[in-house]
Amino acid sequence: MTVTTDAGFGVVLSGLAKSYGPVHAVRSVDLQIAPGETVALLGPNGAGKTTTIDMMLGLTRPDEGTVSIFGAPPAAAVRDGYVGAMLQTGSPLDHLRVREQVALMASYYPHPLPVDDVLQITGADEFSGQWTTRLSGGQAQRVRFAAALAGDPDLLLLDEPTAGIDVEGRRDFWQAMRAVTERGKTVVFATHYLEEADAYADRIVLIARGEIVADGPATEIKAQAGARSIRATLPSVEVGALGALPGVRSAQRHGDAVLLSCTDSDAALVALLAAFPDARDIEVTGGSLEEAFLELTAAGEAPGRPTTEAVR
Amino acid sequence: MTHFRYEILRTMRNRVFYAITLGLPLVLFYGVASGERHATFDGTAFPLYFMTAMAVYGAMYAVVAPGARIARDRSRGWLRQMRITPLRARTDLAAKVAAAYLLALPTLVLVFLAGASLGVRLRASHWLELAGLLLVGLVPFVVMGFILGYLIPVDALAAGLGGVVVLFALLGGVFGFQLATSGPLFDVLKCLPSYWLVQAGKTTLGGGGWPAQAWIVIAVWTAVLMPAAALAYRRSASRA
């Protein structure tokens, strides 16, 4: 079977769905990733991130929908050496040294990177003679990263690459990642660390309960969650009247102060001053990504709707 | 090629296993056969019978060894990792079979040398023929190793692989006694690949190698086990 694979096509997921028995791990995921993009799949545990990545790798067969990696099905893209991945599981092989492990992975690919380069980029060169079974958690993570990089794949899929790694180890890891993304590789990583998604991804895809709930640059996601709020001192005004102002989603009173959470803080501010010129001490604050995250991932969990606990 | 090289390297580096696979049949052979040098058994000289039996015993352990490695790699999540590289499953299996035989071969040679030291005399062509029959007859055990490696949990592995080897060895007459020499039980024993492996010494000496039944038994076992192995492989592919 010949499949033309071309990095120009990028990665396309359309209508992906996967259930395990009654559990809908992934409901309907549509996603297009351009070549060279770094995309974070951000979501709480059980959101469907791992299932999505497994389907992108061809490890899990979707119930519905298709995955196209550079114009080819996952199996073909994997076979032709376009894909490298760091799975959540997958400790190095026993009876091998670190360097041998990386060389072994490199040997499977048609155009691998020189083993020394890989070891150096990932910082695994410091312990390249060590047995793979005698590594610390941080070292094993670097070896797994080196193994994913060794074949010089065009697409790197990283499933929670820094889970269980200390702060310093995480910083080192992302520093090494930078070197990789600068080479024009397409990178998709799953994480539940907001700051990682914010700092290292061009684009954040927020996943909750098996669905994409937001997709865009970090700033856009913050705006989309409408996390800006207006605070003002405004005694003797009905909260209901404030809540009805354009651009305001909800209003709360705390003593003399009122707090308006906004969908459009600009419109809300203009309307507020027009309707209540005696409003004083006005503050407009931008929400954090964390608030946006909580808001977007919690949306739709209305009472009455059956809760589905997605498995990994 | 690198994969093949590392597969062998990993086998050799498992020193304790390697030493036992090579050493145990030798110890048993000398322990039992040195006192029975001139005895006759099953219509042939006991040293020849028992040399063949011990070669079979050691080689069986050697060829189920890839199963142990598969199970360990599986438990470490490495099988899934390998599935997302361009490495083909058949390349991987071919390397594992080659490594298995590379481990079995020195076992055969060492036990043959031990046999010769206790007076087993065969023509050069017969030594080669005996080795050849054993290597072919081991095929079903190679496949059994794969099946167990893909199916059973790693903590039940030693018991699983060891149990299979010991069971087939016992029924095949490896331990120097046969459970039956006639009747319906004997007919059943003659359907086991290990029976014919042990018989290889005697039939080689008589000239003409195995009877047709032996070839059929080996072929049928292999034909039945192969699809089972493919099934086990696919089962382990879905969510390890």
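**Group meeting talk: a two-chain predicted model**

Ala158(B) is exposed, with 11 other C-beta atoms within 10 Å. On the terms: a residue counts as buried if 20 or more other C-beta atoms lie within 10 Å of its own, as exposed if there are 12 or fewer, and as partly exposed in between, with the C-beta atoms placed from the backbone. Ala158(B) sits in helix α8 of chain B, residues 157-172. Its C-alpha atom is separated by 15 Å from that of Arg74(B), which is 84 residues away along the chain.

Some ground rules. This is a predicted model, in which local features need pLDDT of at least 70 and side-chain atom pairs count only at pLDDT 80 or more, while totals for chains, interfaces and linings use all residues. Residues are numbered from 1 along each chain as its sequence is written, and chains are lettered from A and ligands numbered from 1 in the order in which they are written.

Now the confidence. The model has an ipTM of 0.79 and a pTM of 0.76. For chain B the average pLDDT is 88, and 98% of the residues score at least 70. pLDDT is the predictor's confidence in each residue, from 0 to 100. Where pLDDT is low, the predicted coordinates should not be read in detail.

Chain B next. How many helices and strands does chain B have? There are 11 helices and two strands. Helices (H or I, at least four residues) and strands (E, at least two) are DSSP runs, numbered from the N terminus. In sequence order the pattern is α-α-β-β-α-α-α-α-α-α-α-α-α. The radius of gyration of chain B is 18 Å, close to the 18 Å that the globule rule gives for 240 residues, so chain B is as compact as a globular protein of that length. That radius is taken over C-alpha atoms, and the rule is 2.2 Å times the number of residues to the power 0.38. Along the principal axes, the C-alpha atoms of chain B fill a box of roughly 55 × 40 × 30 Å. Of the 240 residues in chain B, 42% are buried. Two residues are in contact if their C-beta atoms, placed from the backbone, lie within 7 Å. Among the contacts in chain B between residues at least 6 apart in sequence, 82% join residues at least 24 apart.

On to where the chains meet. In chain B, 18 residues are in contact with 24 residues of chain A. On the chain B side, α1 (2-13), α3 (46-75) and α4 (78-83) each supply at least two residues. The largest share, five residues, comes from α1(B). By class, that side has five nonpolar, six polar and seven charged residues. Here Ala, Val, Leu, Ile, Met, Phe, Trp, Tyr, Cys and Pro count as nonpolar, Asp, Glu, Lys and Arg as charged, and the others, Gly among them, as polar.

Chain A is divided into domain 1 (7-216) and domain 2 (228-286), with bounds from an automatic or database domain assignment. The centres of these two domains, taken over C-alpha atoms, are separated by 44 Å.

Which parts of chain A does α1 of chain B join in packing against the buried residues of α3(A)? They are α4 (115-122) and α5 (137-149) of chain A. Helix α3(A) itself, residues 98-107, has 10 of its 10 residues buried, including Arg99(A) and Glu100(A).

Then there is strand β6 of chain A, residues 155-159. Five of its five residues are buried, so β6(A) is largely enclosed by the rest of the structure. On one side are Leu155(A), Leu157(A) and Asp159(A), and on the other Leu156(A) and Leu158(A). Two strands pair if DSSP finds at least two bridges between them. Leu156(A) is the bridge partner of Gly84(A), and Val188(A) in β7(A) is the partner of Leu157(A).

Most residues other than glycine have a negative phi. Asp152(A), in the loop between α5 and β6 of chain A, has a positive phi of about 50°. Asp152(A) is buried, with 20 other C-beta atoms within 10 Å. Glu160(A), in the loop between β6 and α6 (167-181) of chain A, has a positive phi of about 45°. Glu160(A) is buried too, with 22 other C-beta atoms within 10 Å.
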